[in-house]
Amino acid sequence: MTTVAATHDVGHGEHAPSGFWRKYIFSTDHKTIGIQFLFLSLFFLLLGGILAMQMRWQLGFPGKPMPGGGILPESMAPGGVILPEYYIQLVTMHGTFMVFFAIMPLLVGVFANFLIPLKLGAHDMAFPRINMASFWFAFAAGMVMLASLFVPEGAARAGWTMYAPLSARPDLSGAELGQKLWSVSIVLLGLSSILGSLNYITTIINNRAPGMTWFRMPLSVWSLFITAILGLLALPVLSGAAIMLLFDQTIGTHFFDPPAGGQPLLWQHLFWFFGHPEVYILILPAMGMVSDIIANGSRKPIFGYHSMVFAIIAIAFLGWIVWGHHMFMSGMNPTLGSSFMISTMVIAVPSAIKTFNWMGTMWRGNLRFHVPMMHAVAFVAMFVIGGLSGIFMAATPVDMHIHDTYFIVAHLHYVLFGGSLFALFGAITYWYPKMFGRMMSERWGKIHFWLTFVFYNLVFFPMHNLGMAGHMRRIYDPTQYDFLKPLQPLNTFISVCAFLLFASQAIFALNFIISLFRGQKAPQNPWLDNGLEWTLPNPAPHGNWAQIPSVYRGPYEFSSPEVEEDYLPQTRKLPTDREPAVLSSGAPS
Amino acid sequence: MQWWLPVQASTFAPQIDGIFTAILIITGLAFVVVEGGLIWFIFKYRERPGRKAFYTHGNVKAEYIWTAVPAVVMVGLGLTSNHYWNEIKGRNSVPPNAYPIKVHAKQFEWLFTYPGPDRRLGTDDDITEVRNKLHVPVGQPVVLEEESEDVIHSVFVPAFRVKQDAVPGMQIRAWFIPTLIGEYDMGCAELCGMGHYKMHAKVTVQSQADFDAWLAKAAQGDIE
Amino acid sequence: MTHATASLMRPPFPAERGVDAHNLKLGMWVFLASEVMFFTALIGSYVILRFGAPGEWAKPGVVLNIPVTAFNTFLLICSSVSMVKAFAAISDGDQKMLKVWLLVTIIGGAMFVGIQAYEYTHLIHRGFLPSGVREGSELAELVANGTLPAATMGLYGSTFYAMTGFHGFHVTCGVVAMAYLYLFRVRRGKYSQQDYRGIEAVGLYWHFVDLVWIILFTIVYLI
């Protein structure tokens with residue numbers, strides 16, 4: 001009877017799918033779904049980069065015809081010269097694709113799906129078919145957003161933040177269908193996210209292997225759990241806002257229409273109430289995976305594991321009460337400015353704790369700089385810069401100067417690129433063998449790392465200076481302003497470095513693709529890690545384990561005195577270990 | 001090449017720059033500690049044959065310290081900043097005798113309305129709809145009465161360190177005291193459409209005498 | 001609920017369990033948390049727009065039909081009761097009464113949607129649109145003679161249709177889900193005293209939808 005319970009409740013017992021369509025396209029296997037998200041998101045990452053390169057062309061070489069610009073329509077770039085109306089589409093869609101269709105799905109869609117059941121010792125997610133639906137909603141959302149680039153008037157163009165009333169009024173923005181498609185796409189994406197979160201949360205709460213107690217879960221899983229809760233509660237607010245915007249755009253409602261009593265600030269409050277938790281969605285999984293990789297690369301337990309968990313929870317909890325720091329200059333009540341500033345100052349503290357704990361993990365370690373470790377350490381170094389720059393804008397008087405300037409652009413790229421994307425490069429390299437059964441090239445990984453690291457800093461660090469000088473965001477032609485003319489050489493320098501940065505990504509792309517076919521066949525546990533996923537063959541089979549393993553310890557027992565090797569897998573039973581209270585057969589032990 | 005903050009042309013500028021510099025010093029120290037520490041660890045603790053890592057799960061005392069110190073610093077920073085925030089943007093912060101100038105923001109220009117000799121807006125002697133030229137007298141408080149005709153714009157004068165969004169349906173005030181005679185730029189700091197980049201106004205800070213003279217000529221329609 | 005040794009309704013199950021609930025129940029609670037946030041966005045916006053409105057709000061009952069909607073509210077509450085009875089029936093293993101009470105719930109839900117739809121057509125006919133009051137309509141006259149406040153009718157229409165429309169959509173989804181369960185699970189005897197997880201999950205959803213309506217009815221129709 002309890003074995004019946006095991007089969008029914010955990011969603012296993014189906015035969016492995018056969019046939020191309022069931023196995024690769026309409027799969028309910030969490031690993032396949034994770035890989036589907038990987039290919040979808042990498043595509044959008046590339047697209048987001050291409051849009052950015054066009055922006056940087058205009059900023060570096062204003063008014064000059066862009067190489068290859070001839071393929072753009074005359075209404076956007078006659079003779080390859082980018083027009084202002086096209087420029088603000090580039091700005092908007094770069095942000096939109098990167099945040100919603102690249103970074104978020106890469107961190108959550110890929111790694112929550114791929115890692116959670118593997119790291120917890122589950123056969124699959126709690127609701128495999130809802131999981132599949134989550135991917136296809138994301139795919140549909142992506143296709144709608146992609147389509148919006150090609151409609152006659154062009155894409156949405158009110159910034160990824162879509163402030164009303166500009167976003168609601170085609171007569172003021174110049175785009176109608178593109179704006180509506182943006183709203184529709186976001187609603188679909190919200191659904192995808194909610195369905196995904198539902199799965200991750202249920203699986204983590206209820207489907208852990210015997211012995212996998214809460215405080216034996218790896219930090220990658222903790223961060224994905226907390227992220228899922230953030231997503232579950234924040235995305236519906238964005239969906240609600242996007243629906244209200246869509247209604248203003250289509251059926252004549254007045255939510256954000258001042259003459260009829262609507263309030264533009266309502267959009268901002270709704271958007272940022274979602275938007276701030278969203279940015280923690282974009283960093284927490286990266287932090288979690290970086291923790292796993294740093295412990296592995298240091299051959300040492302994570303320093304202060306419990307604090308790391310509480311810091312994740314604190315960041316997530318505080319993340320709900322800081323949203324107004326995006327609105328200090330918005331015209332909202334200044335008293336709110338004070339309260340949001342205090343909460344924003346406080347939220348720096350758990351991030352500081354995490355940074356010191358990562359350093360503590362490396363301290364007196366035996367540091368092994370494989371490619372993922374290089375990226376994880378770079379994450380710490382770059383995220384710190386992004387976090388510290390955030391303090392400037394948290395101080396409301398200073399924000400008066402730097403709000404909506406390139407200082408903010410520098411900050412957000414330090415945390416999203418230097419932070420999240422570096423973590424992703426490391427994580428993709430780390431779990432690639434588990435996904436595809438092969439290793440990526442170590443040598444090309446290191447070359448890609450260094451080129452990216454150098455060019456990335458050359459592109460984004462000087463933006464702090466641009467911002468300090470008062471260089472506004474989303475400006476098509478800075479040379480219009482006398483005070484910005486002396487800064488133009490810096491813009492050109494940044495653009496050139498950006499092109500080189502983008503070009504360097506070809507190395508990652510080629511490494512990724514070629515290794516799929518020609519990569520060295522991966523040993524079962526190439527990184528000598530303790531997680532449950534490394535006890536399975538590469539790639540892992542459908543259903544993961546025939547028999548759910550038992551877990552005897554936490555995930556970071558590196559260099560333990562109990563064994564010779566410098567790692568000790570969670571599922572390895574030592575003579576001194578007792579069986580967990582409930583065995584996987586269901587019988588009490 | 002301008003690497004630093006712009007010229008200080010208002011009373012806010014030294015205050016804001018002071019906070020900026022204080023934060024720069026604090027974050028600079030944190031930067032050195034963290035990055036320096038990372039670089040040191042990378043070399044000192046790199047893998048060598050025969051070495052084993054030090055097996056520890058952490059140190060609670062160290063964690064208390066590196067939690068408490070940032071917390072104290074951040075709260076201190078918050079309280080200091082808040083003091084200036086209330087002075088600059090607080091509900092009752094606008095000096096009672098501030099010289100009012102209406103700013104009507106629209107796609108894609110700034111229309112300024114100056115009160116005439118009566119120093120009150122909304123009366124018959126107002127000089128209305130001066131396009132993209134903001135003139136202010138040095139050394140006295142000026143308050144901008146901001147409104148927008150269409151979408152959200154934002155008044156931004158880097159030299160004054162002044163920024164305030166102009167929101168359709170709202171009347172918002174932003175004040176400052178110019179301190180340095182000269183000509184400065186004003187831009188729009190909230191994406192407002194395809195012409196966002198060219199919402200450029202010239203800000204001229206003048207002596208009282210020059211300002212009065214300019215205003216008198218403007219009243220005649222002679223705006224240069 | 002009777003003690004069940006061979007039941008999927010309660011632990012012990014294998015593995016570490018975070019909460020004393022089967023996955024479908026936990027999953028539904030988690031999903032409902034997201035729904036709370038969604039309706040909070042819509043209802044919160046209504047509150048902000050109404051209390052920041054540039055004028056008075058329309059008086060209750062002038063535009064909306066309170067008596068009919070009150071009956072509709074009663075209907076929905078009754079359908080929640082019948083849902084509880086359906087749940088109680090199958091927890092006692094009574095397949096027949098499960099069928100009966102579930103059918104009653106479905107009919108109640110369908111009637112609610114039907115009456116709402118009828119109300120919508122009536123409102124639109126009288127000139128009440130999401131964008132406000134239609135020119136030349138019956139309600140436009142009420143605006144002209146001051147019975148309805150011109151300045152806020154746009155917001156009134158926007159918020160009314162957004163909130164009740166999405167609620168109606170959620171009720172419809174619930175009716176469809178219950179109908180599916182009825183046709184393809186209940187009638188085939190797939191539920192038993194040992195396993196009626198689907199009924200529990202859909203019941204939770206239905207109660208939630210009812211609760212949201214009680215809130216909406218109060219703050220949109222009555223106040």
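## Chain B: two domains

The C-alpha centres of domain 1 and domain 2 of chain B lie 40 Å apart. The domain assignment places domain 1 at 12–89 and domain 2 at 99–219. Such bounds come from an automatic or database domain assignment.

## Model and confidence

This is a predicted model: local features need pLDDT of at least 70, side-chain atom pairs count only at pLDDT 80 or more, and totals for chains, interfaces and linings use all residues. Residues are numbered from 1 along each chain as its sequence is written, while chains are lettered from A and ligands numbered from 1 in the order in which they are written.

The predictor gives the complex an ipTM of 0.97 and a pTM of 0.95. Chain C has a mean pLDDT of 93, and 93% of its residues reach 70 or more. Residues 1–6 of chain C fall below 50. Beyond near neighbours in sequence, that stretch has 8 contacts in the model. Here pLDDT is the predictor's confidence in each residue, from 0 to 100. Two residues are in contact if their C-beta atoms, placed from the backbone, lie within 7 Å.

## Chain contacts

There are 2 pairs of chains that touch, and chains A and B have the most contacts among them. Chain B and chain C do not touch. Their nearest C-alpha atoms are 10 Å apart.

The contact between chains A and B takes 85 residues from chain A and 79 residues from chain B. On the chain B side, α1 (12–44), α2 (60–89), β6 (153–157), β7 (162–166) and β9 (182–188) each supply at least two residues. α2(B) gives the most, with 16 residues. Helices (H or I, at least four residues) and strands (E, at least two) are DSSP runs, numbered from the N terminus. The side of chain B that touches chain A divides into 43 nonpolar, 21 polar and 15 charged residues. In this count Ala, Val, Leu, Ile, Met, Phe, Trp, Tyr, Cys and Pro are nonpolar, Asp, Glu, Lys and Arg are charged, and the others, Gly among them, are polar.

## Chain C fold

Chain C has 6 helices and 2 strands. From the N terminus on, its elements run α-α-α-β-β-α-α-α. Its C-alpha trace spans about 70 × 35 × 20 Å along its principal axes.

Of the 223 residues of chain C, 41% count as buried. A residue is buried if 20 or more other C-beta atoms lie within 10 Å of its own, exposed if 12 or fewer, and partly exposed in between, with C-beta atoms placed from the backbone. Among chain C contacts between residues at least 6 apart in sequence, 75% join residues at least 24 apart.

## Nonpolar core

The largest nonpolar core has 333 residues. Such a core is a set of buried Ala, Val, Leu, Ile, Met, Phe, Trp, Tyr and Cys residues joined through C-beta atoms within 7 Å. Helix α4 (residues 84–120) of chain A gives the largest share of this core, 25 residues.

Among the residues with the most contacts inside the core are Phe97(A), Phe111(A) and Phe379(A). Leaving aside neighbours within four places in sequence, Phe379(A) is in contact with Ala286(A), Val290(A), Gly419(A), Phe422(A) and Ala423(A).

## Ala498(A)

Ala498(A) lies in helix α18 (residues 488–518) of chain A. It counts as buried because 23 other C-beta atoms lie within 10 Å. Not counting residues up to four places away in sequence, Ala498(A) touches Met53(A), Arg56(A) and Val459(A). Ala498(A) and Val459(A) are 39 residues apart in sequence, yet 5.8 Å apart in space, C-alpha to C-alpha.
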